[in-house]
Amino acid sequence: MTAAQLGMEPNTPLGQAYLIPFYNNKTHCSECQFQLGYKGLIDLAYRSGEVSIIQAQVVYEHDSFNYSFGLEPVLKHIPAASDRGEPTYVYAMFRTKEGGFGFDVMSMDAVRIFAQQYSKSFSSGPWQRNFEEMAKKTVLKKVLKYAPLKSDFVRAISTDETIKDTISDDMFAEPDVTIVDSETGEVVAASEGGET
């Protein structure tokens, strides 16, 4: 029902959403739970009508990658042509239709620590089968806190049953995000370590 309400096709190559069995220790049986994929998050963000570009990317050890926060934030990623090596970072960025933008970056170690702490599906399921996709989803959830999205979007994200704690704990723990007005170059919002 949740997938139908959100207009998502579960368990298809589109990667929008998944119906995943989880074993419930209390009831001693498997239960089906709805999980948004990172492509589903991107689709919902575009549907909000406020975002012109949204992406999540994995950075590998041989890629050229540079980022900094502050009054003049920088995010530059040039993938290596071949032999990219092991994944080191994951980032997500958005640009609004008015030209503002925001991004967040997490190291793969930070993603693992975050997932172990907040995801009830870390020890089995999608975290073990497709770590990079789940890492993209994690950083997307964090950066979208600062995107000008409608309450319908936040309600849709809250339907993701694979999160253990409240939506604010799972999605938005300590983001480092900067949003800049493209016309004036002024920082609209900036945070470091969860302080805005």
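Q: Which strand gives the most to the lining of the largest pocket?
A: Strand β1 gives the most, with three residues. Both β1 (17-24) and β2 (29-36) supply at least two residues of that lining. A strand is a DSSP run of E with at least two residues and a helix a run of H or I with at least four, numbered from the N terminus. This is a predicted model, in which local features need pLDDT of at least 70 and side-chain atom pairs count only at pLDDT 80 or more, while totals for chains, interfaces and linings use all residues. Residues are numbered from 1 along each chain as its sequence is written, and side-chain values use heavy atoms, with hydrogens and water left out.

Q: How much space lies in the largest pocket, and which residues are the closest to its centre?
A: The largest pocket holds about 220 Å³ of space. It is lined by 10 residues, and F22, Y23, N24, Q33 and K120 are the closest to its centre. A pocket is an open set of points on a 1 Å grid over the protein atoms alone, where a 1.4 Å probe fits, with protein on both sides within 12 Å along at least five of seven lines; a lining residue has an atom within 4 Å of a point. The volume is the space filled by probe spheres set on the points, which are joined across faces, edges and corners.

Q: What makes the pair of F65 and Y91 a stacked one?
A: The structure holds eight aromatic pairs. In this pair the ring centres are 5.7 Å apart and the planes stand at 20 degrees, so the pair is stacked. Rings of Phe, Tyr and Trp (its six-membered ring) pair if their centres lie within 6.5 Å; planes under 30 degrees apart count as stacked, over 60 as edge-to-face and the rest as tilted. The pair links distant parts of the chain, 26 residues apart: F65 is in strand β4 (residues 64-68) and Y91 in strand β6 (residues 87-96).

Q: What kind of aromatic pair do Y67 and Y89 form?
A: Their ring centres are 6.1 Å apart and their planes lie at 70 degrees, which makes the pair edge-to-face. This pair also joins strand β4, which holds Y67, to strand β6, which holds Y89, and the two residues are 22 apart. F65, Y67, F69, Y89, Y91 and F103 form one aromatic cluster.

Q: Why are the buried residues of α3 said to line one face of the helix?
A: In helix α3 (residues 108-118) the buried residues are M108, V111, F114, A115 and Y118. Seen down the axis, they fall within an arc of 120 degrees, so they line one face. The arc is that of the directions from the helix axis to the C-beta atoms. The face turned away from this buried side carries the exposed residues D109, I113 and Q116.

Q: Is K137 buried or exposed?
A: K137, in helix α5 (residues 131-143), has 4% relative accessibility and therefore counts as buried. K137 and A56 are 81 residues apart in sequence and 7.9 Å apart in space, C-alpha to C-alpha.

Conventions. Buried < 20%, exposed > 50% of the residue type's maximum accessible area, 1.4 Å probe, protein only.
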